[in-house]
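Please read it with the structure open beside you.

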Amino acid sequence: MNSVNEWLHLHDLDPGIVWDCLSAVANQSIDIDLANFPHSDQDFAIAEFSSLPTALKEAVQPALTALLHPCNIGPLIEAIRWSQNDVADNTPPHTVDHGVDHPPEIRIAWTGSATDLICLAHEVAHAIQLQLSAGSFMPPVARETCAYLGELALINWATVNNTELAASLIDIWRTENRRYLGQDCDLLQSAVANPDMPYHYRMNYPLARIAAVSIFREMQNVPDLYSSGTRANAFLPLDRVADLAGRIENYLPPFPQADTDRPAIYGYRALGAMALMDIESWKGETEQKIGDYYASCFHYLQTRRAFIALDDMRRPVGYATWQTSARDNKITLTRQCAPYGDHLVLHRLLERHLGQGLNVYSKHVRSARVVQAAW
């Protein structure tokens, strides 16, 4: 690639999507610094990873095995070739692709530090991606996303098995964000503003960092991403992250527990929550007359064809309504509203609520394809 335009084309990216992804980080709609990353209450001493093989076997391999389940990555790790860089020459760790018929080679210096350990997870993730992609070229943003997922998997493993090490790894992650979301972010912003300027590899790092955190939070399709090669762009959640750029803060109070003695009260609370979320979303429903809107929502609630999704604090984050067809076991979603950016949460909870074995479709009245498969 020679220009930013070519880079955008390779990743099927619109400059507006890039800007919105960076805005989502700036307004803290996505937590790149892992401020809320879970920590274990168990007290473990920091393990002594004096040798690279020990670190690989005792920390990196278990972490990546959990990340890429059910893939058997043991043989892939055993196949990796190793070259020890000279610590004194400051050569950055890197992975060399020797082609589909030859195992990848990792070149790395090793002093046993936490920084070395997180670099090891990064490079091993690169090497596994190369093997799982089996020679199919992967665009660089996706390639670096796989590597950052390796780092996050190691941090996650350490939060369970070695809390002191986890604290060191998270500190390294945050320190490195100053470059990835500082100078590299400035470079990327300049690039999308001037798409004829020359391409630089460091442009890939901010988006890859963002994508990795988003994917790790959901833990969906990770092995598929690693093996996707040229199809990898389809597995990057950059469109969803971009949607968070204008995300509204959820101001709704926690939803009370269902009152079995006064079901009508619970129903009117549900109706009120639906109305407030529709007002925030501004997507068609608020254009109706009040009487028509009330009758429609009340009918869905009365016939048990409405679902309100709640977050961990029991705040409403979205709702859905649907029509059913007993003839072909088909459900058509007539409304999906998630004004605070929690579309994936709504989808996941709704799928659990409706159960398995159903044909679920989504109705999009403003789309050329009015009815589409929901999942």
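The points below go from the chain as a whole to single residues and pairs.

1. Overall make-up. This is a predicted model. The protein chain has 13 helices and 8 strands. Of its 375 residues, 44% are buried. Among contacts with a separation of 6 or more, 68% are between residues 24 or more positions apart. The accessible surface of the chain is about 19,300 Å², and carbon and sulfur atoms account for 50% of that area.

2. Cysteines. A search of the whole structure finds 0 disulfides. C297 is in no disulfide, and the nearest cysteine sulfur, that of C337, lies 9.8 Å away. C297 is buried, at 3% relative accessible area. C146 is also buried, with a value of 0%.

3. Helix α3 covers residues 52-67 and bends by about 40 degrees at V60. A proline, P62, follows within four residues of the bend. The buried residues of α3 include L52, A55, L56 and A59, and V60, where the bend is placed, is buried as well. A63, L64 and L67 are buried too. In the loop between α3 and α4 (74-79) sits P70. The peptide bond joining H69 and P70 is cis, with omega about 10 degrees.

4. Backbone angles to check. Most residues other than glycine have a negative phi, and most peptide bonds are trans. A134 has a positive phi, near 50 degrees; its place is in the loop between α5 (114-133) and α6 (140-161). R304 also has a positive phi, near 60 degrees, and is found in the loop between α12 (290-302) and β4 (306-310). R304 counts as exposed because its relative accessible area is 72%, over the 50% mark.

5. E151 in helix α6. Is this acidic residue, E151, buried or exposed? E151 is buried, with a relative accessible area of 3%. Its place is in helix α6. Leaving aside neighbours within four places in sequence, the contacts of E151 are I118, A121, H122, W173, E176 and R209.

6. P256 and its contacts. P256 is in the loop between α10 (238-243) and α11. P256 counts as partly exposed, at 32% relative accessibility. Not counting residues up to four places away in sequence, P256 touches Y266, R269 and R314. P256 and R314 are 58 residues apart along the chain, and their C-alpha atoms are separated by 7.8 Å.

7. Salt bridges. Side chains of opposite charge can pair when their charged atoms come close. The whole structure has 10 salt bridges. One of them joins the side chains of R335 and D278, at 2.3 Å from N to O. This pair links distant parts of the chain: R335 is in strand β6 (residues 330-337) and D278 in helix α11, 57 residues apart. Both R335 and D278 are buried. E105 is buried, at 6% relative accessible area, whereas R107 is partly exposed, at 30%. A further salt bridge is formed by R179 and D184, at 3.3 Å, N to O. R179 is partly exposed, with a relative accessible area of 35%, and D184 is buried, with 2%.

8. A nonpolar surface patch. Which residues form a nonpolar patch on the surface? They are Y251, L276 and I279, which together have about 280 Å² of accessible area. I279 is in helix α11, residues 263-281, the helix that also holds D278. At 46% relative accessibility, I279 counts as partly exposed. The value lies between 20% and 50%, so I279 falls in neither the buried nor the exposed class.

Definitions and conventions:
Residues numbered from 1 in each chain as written. Predicted model: local features only at pLDDT ≥ 70, side-chain atom pairs only at ≥ 80, totals over all residues. Heavy atoms only, no water. Helix = DSSP H or I, 4+ residues; strand = E, 2+ residues; numbered from the N terminus. Buried < 20%, exposed > 50% of the residue type's maximum accessible area, 1.4 Å probe, protein only. Contact = heavy atoms within 4.5 Å. Areas by Shrake-Rupley, 256 points an atom, 1.4 Å probe, with all protein chains shown as cover. Disulfide = S-S within 2.5 Å. Patch = residues over 30% accessible without salt bridge, like charges linked within 9 Å, V, L, I, M, F, W, Y side chains within 5 Å. Salt bridge = Lys/Arg side-chain N within 4 Å of Asp/Glu carboxyl O. Bend = angle between axes of the 7 residues up to and from the residue.
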